[in-house]
Amino acid sequence: PPHGLRNPHPSPMRVLAGLLSAALLAQAVDKSKFKTCSQAAFCKRNRFLEKDEMGPGYKILEDTVAIDKAAMKIVAKVQNQKYPAQDPLQATVTFLNDKTVRLQVTEVNPLHPRWEAATPSADVLVPDTINTMQAVKFDVHKDRILASFDDTELQILYDPFSVTARREGQPVLSVNDLGLMNFEPYREKTENQADCDSPVFDGPHDGKYTSDCPSGGCTTFGTLVEALESCRGATDCGAVVLRPENGDLPFELRKGTTLQNSPSGEETYLKKCMKGCKHTAYSPLGNAVAPPKCAQSDCDVHPSLAAAQRLCGALDACAGAAEVSAGGFVLLSHTGKKEHPAITSNVHTKVCTEEEPEKKIVTVEISGHTGIHSFRMGSYKLVQGGPPSDEGRFAYKHESENYFLYYSTDDKAWALGPQPGDSNVWCYVKTEAKSPEKSLEDGGVWSYYDGDSESWIEDSGLRISTKEIEVYGSGEAPPSTKTVGDGEKYPPTE
């Protein structure tokens, strides 16, 4: 057969997913009773986070692991390594009839108890699975537990915490294999914390600091954007402090918002509620150029527009980003049409929008495949200026090699191949997803071509995740009378 795109035989898991989807779609659902991601603060804070932004993640505390063979249950405490001062969570794995395994992760001492069904029969379980299994073999190792029954093996990895089910040696289902788990416990809000979905930061306040640490501790970060994003998602975090004496992790979270003079020359960014702006986006100014007024005191240069936008969205004093002639982007405290020799015409003004702004994925990460195409894994960047998008889908090129990720309309598949449009590919997945990171959402599985066996082999471990996202909008920058910089009004007078 040709080495181009072909339909692999559907796996039982995929068929089951399709049947479940069809059954669910057959039921009437009132969408008005459910929040969208743009209406849920937790979702908005976490939907675009990547592994390198999540920190060290969760781990099972080895000395808390308990196996109850009578109840066919494993119980262990799970610690958030990013916030070690938080109470551990409790993970419970129960082995039930009909080869069903149930994983529950709950708070041990919640501030407010969450709802749980009174009995298993009132919960999501079907009646036939309520009774426990009779034959499970447990193998306990220093870093994991293996539980085997019939042709299935369940692996519970301690650090990082993850659960993977394998059937006949092949992974069929996994939980937290990408390390993106994030459990936000209830926390008491401090008096000076505004209750808003889109907090921003006022600063930097030079030579100032705030005292007291959040409940999770004075966690430190290597970059400002990491610290601000973590503080935005923490109810009891009120500020980010720059402490040069911390070395490689100079940015520190603080609970209070009362500024005090700092003898060591610290800088503080205070969290506050963003008023009158539901979403922020960035509208290019065309051939306009901007005044050289930076939103950061040292005019840091950011490597990409996406990186600049992420930080600009968190800073109240930032009005946009501009590309500099030496390469990279700087943040601006206001944008306008005054010429400056160091800034090019690529200026993006921050604007307010009621609707979720348009997002362009500029870098994706392909990972998880350990077979013959493992050397093709890595970062793929958007092909700027062509080849043309395929029904709104863009092509991406490996950061150092001539490998491309693109969509084939004829085959209805995302593919990894030698050039966009080529049907002779190395890996592919059948899907109609508009962007590559969503290629598995409709139950698809990536397949790769094995030259030795001259066959396509499914690889459920291959994953694509977003790494950089640019945000676009339209309209004018919102008017303001706040004072920024050296007493200048925003927007500045032309």
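Rings of Phe, Tyr and Trp (its six-membered ring) pair if their centres lie within 6.5 Å; planes under 30 degrees apart count as stacked, over 60 as edge-to-face and the rest as tilted.

**Entry 1. Ground rules.** I am working on a predicted model, where local features need pLDDT of at least 70, side-chain atom pairs count only at pLDDT 80 or more, and totals for chains, interfaces and linings use all residues. Residues are numbered from 1 along each chain as its sequence is written, and side-chain values use heavy atoms, with hydrogens and water left out.

**Entry 2. Aromatic pairs.** I searched the whole structure and found seven aromatic pairs. I noted that Tyr 403 and Trp 426 make an edge-to-face pair, 5.5 Å centre to centre with 85 degrees between the planes. Tyr 403 lies in the loop between β24 (396–398) and β25 (404–408), and Trp 426 in the loop between β26 (413–417) and β27 (427–430), so the pair ties together parts that are 23 residues apart in sequence. Helices (H or I, at least four residues) and strands (E, at least two) are DSSP runs, numbered from the N terminus.

I then looked up Tyr 428 and Trp 456, which also pair edge-to-face, at 4.8 Å centre to centre and 90 degrees between the planes. Tyr 428 is in strand β27 and Trp 456 in strand β29 (residues 455–458), 28 residues apart. I also recorded a cluster in which ring pairs link Phe 95, Phe 138 and Phe 149.

Entry 3. Buried means under 20% relative accessible area, exposed over 50%, partly exposed in between (1.4 Å probe, protein chains only). I found both Tyr 403 and Trp 426 buried. Tyr 428 is buried at a relative accessible area of 1%, and Trp 456 counts as buried at 13%.

**Entry 4. A charge over two rings.** A charge sits over a ring if NZ of Lys or CZ of Arg is within 6 Å of the ring centre and within 35 degrees of the ring normal. I found the charged end of Arg 376 over the ring of Tyr 403, 5.0 Å from its centre, and over the ring of Trp 426, 3.6 Å from its centre.

Entry 5. I traced an open, antiparallel sheet of five strands in the order β11-β17-β14-β15-β13. Strands pair if DSSP finds at least two bridges between them. β11 and β13 stand at the edges with a single partner strand each, so one side of each has no neighbour in the sheet. β14 and β15 pair over four bridges, and Ala 239 stands opposite Arg 254 in β15.

In helix α4 (residues 224–232), the buried residues include Leu 224, Val 225 and Ala 227. The buried residues of α4 pack against elements including β11 (199–206), β13 (220–221) and α5 (305–314), where contact means heavy atoms within 4.5 Å.
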